Amino acid sequence: MSTKTIQMEDALHAYYLNATLRETEVQKRLRDETAKLSHGHMQISPEQGQFMALLIELMGAKKTLEIGTFTGYSALCVACALPKDGRLIACDVSEEWTSIGKRYWEEAGLADRIDLRIGPAAKTLDRMIENGETGDFDFAFIDADKLGYDGYYEQCLILLRAGGLIAIDNTLWNGKIADPAIVDEETVAIRELLEKVRDDQRVTSSLVPIGDGLLLARKR
Ligand code: CA
């Protein structure tokens with residue numbers, strides 16, 4: 001019987017990965033290469049990638065968005081789960097980081113499913129809204145600058161169809177979210193977004209404690 005989410009100690013987490021993780025060899029190599037970078041902690045955990053792939057399959061998602069691609073691991077996981085005619089529009093500001101991902105997307109034969117758009121995501125999304133792509137998308141993953149989260153959430157709500165899903169990363173923020181003494185801008189921005197989504201009647205939501213916390217919001 002459990003009334004709260006289990007704590008994952010190292011031994012249990014190792015067992016969990018060993019017993020449940022299904023990762024392609026290309027995914028594993030991309031994760032290993034990224035882990036060596038100074039910003040390596042920014043990539044999502046493999047169990048989260050697997051979970052997001054399952055969501056894509058469950059939804060039968062075809063048109064997907066990613067805000068914050070980094071070195072492309074999450075994009076690789078999502079693209080793997082898309083049908084052949086599925087698309088991921090991946091937004092990032094860094095040529096350097098995304099160029100790492102591109103090599104692996106090509107190796108996995110998925111490069112034609114991923115449309116990388118370099119530049120501030122808020123502008124990329126605005127252009128898409130202006131172009132009339134509203135209500136077109138099935139799924140959006142938000143994992144970029146935390147001060148931009150609220151804006152990306154609003155833009156994704158416009159771009160998603162009813163029944164579409166937004167997944168927002170780092171919403172447990174390494175636990176800092178629960179410490180009222182921590183009031184830096186990023187922590188406060190995430191806290192405010194959590195409260196907003198909880199009370200937002202436009203969506204049905206749940207914060208899944210996988211990785212650093214993945215907030216799911218389904219557009220009604
Ligand atoms: Ca993240």
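**Pockets and salt bridges**

Analyst: About 1200 Å³ of space lies in the largest pocket. A pocket is an open set of points on a 1 Å grid over the protein atoms alone, where a 1.4 Å probe fits, with protein on both sides within 12 Å along at least five of seven lines; lining residues have an atom within 4 Å of a point. Grid points are joined across faces, edges and corners, and the volume is the space filled by probe spheres set on them. Of the 45 residues lining the largest pocket, Met42, Asp143, Asp169, Asn170 and Asp212 are the closest to its centre. This is a predicted model, in which local features need pLDDT of at least 70 and side-chain atom pairs pLDDT 80 or more, while totals for chains, interfaces and linings use all residues. Residues are numbered from 1 along each chain as its sequence is written, and side-chain values use heavy atoms, without hydrogens and water.

User: How many residues of each class are in the lining of the largest pocket?

Analyst: Ala, Val, Leu, Ile, Met, Phe, Trp, Tyr, Cys and Pro count as nonpolar, Asp, Glu, Lys and Arg as charged, and the others, Gly among them, as polar. Here the lining has 19 nonpolar, 17 polar and nine charged residues.

User: Which element gives the most to the lining of the second largest pocket?

Analyst: Helices (H or I, at least four residues) and strands (E, at least two) are DSSP runs, numbered from the N terminus. The second largest pocket holds about 290 Å³ of space. Among its 15 lining residues, Arg22, Gln27, Gln50, Ala53 and Glu57 are the closest to its centre. Helix 3 gives the most to this lining, with six residues.

User: What is the count of salt bridges?

Analyst: A salt bridge is a side-chain nitrogen of Lys or Arg within 4 Å of a carboxyl oxygen of Asp or Glu. By this rule there are 15. In one of them, Glu25 and Arg29 meet at 2.6 Å, N to O; both lie in helix 2 (residues 25-35), four residues apart, about one turn of the helix.

User: Where do Lys196 and Glu154 lie in the chain?

Analyst: The closest N and O atoms of Lys196 and Glu154 are 2.7 Å apart, in a salt bridge. This pair links distant parts of the chain: Lys196 is in helix 8 (residues 185-198) and Glu154 in helix 7 (residues 149-159), 42 residues apart. Both residues also belong to a network of salt bridges with Asp150, Asp200 and Arg202.
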